[in-house]
Amino acid sequence: MAQKPKVVVTRKLPDPVESRMRELFDTELNSTDRAMTPDELVDALQRADVLVPTVTDRIDSRILSRAGPNLRLIANFGAGVDNIDVATANARGVTVTNTPGVLTEDTADMTMALILAAARRVVEGAQVVQTGGFSGWSPTWMLGRRIAGKRLGIIGMGRIGQAVARRAKAFGLSIHYHNRKPVSPRIAEELEATYWESLDQMLARMDVISVNCPHTPGTFHLLSARRLKLLQPHAIVVNTARGEVIDEPALANMLARGEIAGAGLDVYENEPAINPKLLKLPNVVLLPHMGSATVESRIDMGEKVIINIKTFMDGHRPPDRVIPAML
Ligand code: 8YV
């Protein structure tokens, strides 16, 4: 039997995923779950045929330049690959794969949770109760904003953007979106979605904005200070994609000055650091990058990683190969 490939996994993965990986490959697990330092990552890349990193591992050109000769595949545990310099990896003959599709519904659910939480002051209300501050109902207390009948502007209408649109439509929001290109007429009709080629024009007219695009050089600070200023004062911004898409200090300043009404954020520009201004604001809901954090998603992501490695090692094209042109 051919020798099993050496697979190095950088973080603790769900038990069933780890067990299956150990059965199939010569797998090195990280049971401590401590993120690797850059030097440890280089070490891992020197002994691995396959590296399985996550969003917390930054695999840049400097680290890749020190990879060993056996490294052939980086099978990312995650859909976003902005943690990996894919072009440099490919140039060195290293294939990169990701785990799209299996976290779509959970991330869309979390987007709706943030829209509802920010508009209806869910976290603020829960905190009042838990800190003993609920002294009785009042007609004018804890008023939020209705979401039904409002306009939702989705930035990035891929799988997750469309899953958000389906949910939001059911909640009575009208769907608008900005994307590199319009969705198919069938999907546009199903979602009754309005396409905005101009992001600026869309931003100025929406009640809620949801960021659902990947972080690429082209989307870095897509919501720049200038663009954020186009938003209406009652607007809410939700981000379950990547923090880098929004100029976080500019957003924090606008929220602090009441120039927009609220925000629901699951991701940040310099994770795990969060702009300190955001932490003090009552009109934001902040989550610790939990979009795909369900037992089901994480197991499915692991299964995708395994299929990608197995297919690649069997000499075929892995199903989730990332091509730089896609980014
Ligand atoms: C993952 C994510 O938890 O898949 C992604 O792109 O942002 C998260 O849902 C993370 O990337 C795991 O590496």
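This is a predicted model: local features need pLDDT of at least 70, side-chain atom pairs count only at pLDDT 80 or more; totals for chains, interfaces and linings use all residues.

Modeller: Residues are numbered from 1 along each chain as its sequence is written, and side-chain values use heavy atoms, leaving out hydrogens and water.

Biologist: Why are strand E6 and strand E7 said to pair?

Modeller: Two strands pair if DSSP finds at least two bridges between them. E6 (residues 151-155) and E7 (residues 174-178) have five bridges, in the parallel sense, so they meet the definition of a pair. Strands here are DSSP runs of E, at least two residues long, and helices are runs of H or I, at least four, numbered from the N terminus.

Biologist: What makes E8 and E12 edge strands?

Modeller: The open sheet of seven strands has the order E8-E7-E6-E9-E10-E11-E12. E8 (194-195) and E12 (284-286) each have a single partner strand, so one side of each lacks a neighbour in the sheet.

Biologist: Which strands does helix H7 touch?

Modeller: Helix H7 (residues 159-170) packs on the sheet and touches E6, E7 and E9, where contact means heavy atoms within 4.5 Å.

Biologist: What makes a set of residues a nonpolar core?

Modeller: Its members are buried (under 20% relative accessible area, 1.4 Å probe, protein chains only). They are Ala, Val, Leu, Ile, Met, Phe, Trp, Tyr and Cys residues joined through side-chain atoms within 4.5 Å. The largest such core has 30 residues, and Ile-155, Ile-209 and Leu-223 have the most contacts inside it. Helix H11 (248-256) gives the largest share, five residues.

Definitions and conventions:
Axes are lines fitted to C-alpha atoms, for helices over the stretch in contact, and angles run from 0 to 180 degrees between N-to-C directions. Buried means under 20% relative accessible area, exposed over 50%, partly exposed in between (1.4 Å probe, protein chains only).
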